[in-house]
Amino acid sequence: MTTTRRRTAGAPIALTVAFATALLLFLFPGSADMLRSGTAAAISALRALGHGTLAVNPGFAAAMVVTAVTALLPLVLAVASRASSPHAVLTRALLTTALVVVFAAASAVRATEPWGRFRDVLLAGLVGAALGALGDAFLQVRARAAPPSARTRRNVVWVAVGYGALIVLVATWRTPVDSGIDPWLARALATVHRLGLPTWLDYSAVEFTANVLLFAPFGMFAALFLGARRWWVGMLGGFVTSCAIETVQALFLPARTASVDDVIANTAGAVLGVVVGVVILGRGHLRRDHR
């Protein structure tokens, strides 16, 4: 009984600490500026490595930092509460969303452009909250996810063959595959900027995000074929495959540019896909148990 009470009390304690940290961090004079300066310095140091490392604009790089930090909150709450029901995952996602709103509001208090700061932090934080909730669900279902069925594996193989052909085509095309859509994309970005979306959502940000999404099926197919116990294979395979693609482009395709950013984005996409695949297997197992 005592252990149960302690676990139940863990989530409110973690939530209180998170709220207090957010308020101290952003309401204490100079703390927000120090955080932004430190982030900018870290980004500049990574850019100095060359080879396209963090070639994205500073605003998008800072948004990625906010997203990464926010994505950890549901996992921290999960460790504190140790509750494993689907309702607990949803509750932690809602708590994280509430924290993001407080986080964004607090960061905008001393900003020269309060609405812009609030919008930027809120957007990046909500993406992080969604990714954190997905990671939370992954941790809850990984241990009890059922092995993929023979039918699932057959379907994955057929779809993966077409997907693999697409990856090879995109990777070995003599010129950048997006060279023909530059004018259209520029007009689309100008439109979304007029609608109020952040200006850091530019071409480099879209390209980075597209590379993440391009490799998400890689990790998902690996998880659905190999099962949840070999979840790490899809992540490692995505990294190795991306490195191989960038090496081929650097050595044999002079019109293409090899980039560390592409490896980072592709690997992140493979990780995302693995998480989605394991959650699919786990949710399927839970549905069968309730029948």
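1. In this predicted model, buried residues account for 36% of the 291 residues in the chain. The accessible surface of the chain amounts to about 16,600 Å², and 71% of that surface belongs to carbon and sulfur atoms.

2. The secondary structure consists of 11 helices and 0 strands. Read from the N terminus, the order of elements is therefore α-α-α-α-α-α-α-α-α-α-α. As to contacts between residues at least 6 apart in sequence, 75% of them join residues at least 24 apart.

3. The largest nonpolar core comprises 21 residues. Within this core, the residues with the most contacts are F138, Y163, I167, F215, I245, V278 and V279. At least two residues of the core come from each of α6 (114-141), α7, α9, α10 and α11 (260-290). Helix α11 gives the most, with 5 residues. Apart from this core lies another, of 10 residues, which includes A63, A124, F208 and A265. As general background, nonpolar side chains in soluble globular proteins tend to be buried together.

4. Leaving aside neighbours within four places in sequence, V279 is in contact with L134, A137, F138 and V141.

5. Helix α7 covers residues 150-172 and has 23 residues.

6. The buried residues of α7 are V156, Y163, I167 and A171. These residues pack against α9 (203-226) and α10.

7. Q249 is located in helix α10, which covers residues 231-252. Is Q249 buried or exposed? Its relative accessibility is 4%, so Q249 counts as buried, the cut-off for buried being under 20%.

8. What does Q249 touch, not counting residues up to four places away in sequence? The residues are A171, P254, R256, T257 and A258. With A171 there is a specific polar approach: a polar atom of the Q249 side chain lies 3.2 Å from the backbone oxygen of A171.

Key:
Residues are numbered from 1 along each chain as its sequence is written. This is a predicted model: local features need pLDDT of at least 70, side-chain atom pairs count only at pLDDT 80 or more; totals for chains, interfaces and linings use all residues. Side-chain values use heavy atoms; hydrogens and water are left out. Helices (H or I, at least four residues) and strands (E, at least two) are DSSP runs, numbered from the N terminus. Buried means under 20% relative accessible area, exposed over 50%, partly exposed in between (1.4 Å probe, protein chains only). Contact means heavy atoms within 4.5 Å. Accessible areas come from the Shrake-Rupley method with a 1.4 Å probe; for residues, only the protein chains shown count as cover. A polar contact is a pair of N or O atoms within 3.5 Å; within protein, one must be able to donate a hydrogen and the other to accept it, and residues adjacent in sequence count only if both atoms are side-chain atoms. The expected span of a helix is 1.5 Å times one less than its number of residues. A nonpolar core is a set of buried Ala, Val, Leu, Ile, Met, Phe, Trp, Tyr and Cys residues joined through side-chain atoms within 4.5 Å.
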